[in-house]
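Please walk through this two-chain complex with me. We start with the fold of one chain, then turn to the other, and end where they meet.

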Amino acid sequence: MKLTIQQDPAVPETEVILRCPALDARLESLIAHIRQYSFVLVGYQEQREFHLPLESIYYADSTDSKTFLYQEQAVYQCRETLATLEEKLRQTTFVRISKNCIINTAVLHHVEPHFNHRLKAVLKNGEQLIITRNYIDTLRRKLKGGAVS
Amino acid sequence: MKQFLFVRIPSICICFTGIMISSLVITLLSGWPVSPFPFQVLGWIVVCQVIDWLLCHFDFKSWLQYYLVESSILYVATLAVALVFHWTAATVPSIVLFSILFLAVDSFVFWYFYRRQRLLAQELNQLLQAQQKDSEMDS
């Protein structure tokens, strides 16, 4: 793979152009990572607004009709619903692993077997989340670099 | 091993169950006498699934703890049902034989589902490692 970087202060916005003979799973994964860097989510802590880079978010979950964004150590409330977030982040490394949780696969350290046909996702900061059986295939497709319908 | 766990065992079980139920229904509809035993066992297996589903709401610390707790509950309940429906006699040799059979079947079912989950986890971990290697090479 040839990598060319053109630095020009006159350029108004960073643009990434990927030229390839064919789009394979590895490139899809690279594209998902690049898309992440153009995304920012708005989170709130005690009425203060924060613009959170997507790659810093470990997972989002929904409790009592409220959506929360979790970084390595901080938690923010998000005004969007989990379904809206899931749709917005469809082309990134985020994937739904249960009815109330979508996870950033870039921070997923490993997966362990769990009871009742579920799996346990262990994140890079040691946190553990449950992957319910309905979403195991979705996670597998996301990791393979395929589209998640 | 993956095909054996994900395809062969389920196929054998589904086919066997389907054939047995069909045979029983046909025999019943034909007016021939049918032992209630298969229907009682089928009903009890459904109840065991409900017990398993209820127990999965608890957060066990390990598979061993989950296995011991569920197996103990199912053993006591199944023994009671077996005695009520006369699946086994209330004698020591019969109960010992019943217990050995229960332990064999119960352990096999737990092992089967644990292996399936482990294989699934292994597959996902391999995909994760490949993804992480790609990320390191790209950066």
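Helices (H or I, at least four residues) and strands (E, at least two) are DSSP runs, numbered from the N terminus. On that basis chain A holds 3 helices and 10 strands. Read from the N terminus, the order of elements in chain A is α-β-β-β-β-β-α-β-β-β-β-β-α.

The model is predicted, so local features need pLDDT of at least 70, side-chain atom pairs count only at pLDDT 80 or more, and totals for chains, interfaces and linings use all residues. Residues are numbered from 1 along each chain as its sequence is written, while chains are lettered from A and ligands numbered from 1 in the order in which they are written.

Confidence comes next. The score is pLDDT, the predictor's confidence in each residue, from 0 to 100. Chain A has a mean pLDDT of 88, and 97% of its residues reach 70 or more. Within chain A, the lowest confidence falls in α1(A), with a mean of 76. The highest falls in strand β7 (residues 101-104) of chain A, at 96. Chain B averages 86, and 96% of its residues score at least 70. In chain B the lowest mean is 83, in helix α1 (residues 2-29), and the highest is 91, in α3(B). For the complex, the predictor gives an ipTM of 0.75 and a pTM of 0.73.

A residue is buried if 20 or more other C-beta atoms lie within 10 Å of its own, exposed if 12 or fewer, and partly exposed in between, with C-beta atoms placed from the backbone. Of the 149 residues of chain A, 30% count as buried. Two residues are in contact if their C-beta atoms, placed from the backbone, lie within 7 Å. Among contacts in chain A with a separation of 6 or more, 40% join residues 24 or more positions apart.

Where does A:Ile57 lie? A:Ile57 sits in the loop between β2 (48-53) and β3 of chain A. A:Ile57 is buried because 27 other C-beta atoms lie within 10 Å. Leaving out residues up to four places away in sequence, A:Ile57 touches A:Leu41, A:Leu52, A:Leu69, A:Tyr70, A:Gln71 and A:Asn104. A:Leu41 is 16 residues from A:Ile57 in sequence, and their C-alpha atoms are 9.0 Å apart.

Most residues other than glycine have a negative phi. Phi of A:Asp64, however, is positive, near 50 degrees. Phi of A:Ser65 is also positive, near 65 degrees. Buried or exposed, which is A:Asp64? A:Asp64 counts as exposed, because it has 4 C-beta neighbours inside 10 Å. A:Ser65 is exposed too, with 7 other C-beta atoms within 10 Å.

Turn to chain B. Two packed helices are described by the angle between their axes and the distance between the axes. Axes are lines fitted to C-alpha atoms, for helices over the stretch in contact, and angles run from 0 to 180 degrees between N-to-C directions. The axes of helix α2 (residues 37-55) and helix α3 (residues 63-84) of chain B come within 11 Å and cross at roughly 150 degrees. So α2(B) is roughly antiparallel to α3(B) (angles under 35 degrees count as roughly parallel, over 145 as roughly antiparallel, 65 to 115 as roughly perpendicular and the rest as oblique).

From α2(B), B:Trp44, B:Cys48, B:Ile51, B:Asp52 and B:Leu55 meet B:Val69, B:Glu70, B:Ile73, B:Leu74, B:Thr78 and B:Val81 in α3(B). B:Asp52 counts as partly exposed, with 17 C-beta neighbours inside 10 Å.

B:Arg116 belongs to helix α4 (residues 92-138) of chain B. Beyond its neighbours within four places in sequence, B:Arg116 is in contact with B:Leu5 and B:Phe6. B:Lys2 is 114 residues from B:Arg116 in sequence, yet 7.8 Å away, C-alpha to C-alpha.

Finally, the interface. Here 18 residues of chain A are in contact with 16 residues of chain B. On the chain A side, α1 (25-37), β8 (108-113) and α3 (136-144) each supply at least two residues. That side has 9 nonpolar, 5 polar and 4 charged residues (Ala, Val, Leu, Ile, Met, Phe, Trp, Tyr, Cys and Pro count as nonpolar, Asp, Glu, Lys and Arg as charged, and the others, Gly among them, as polar).
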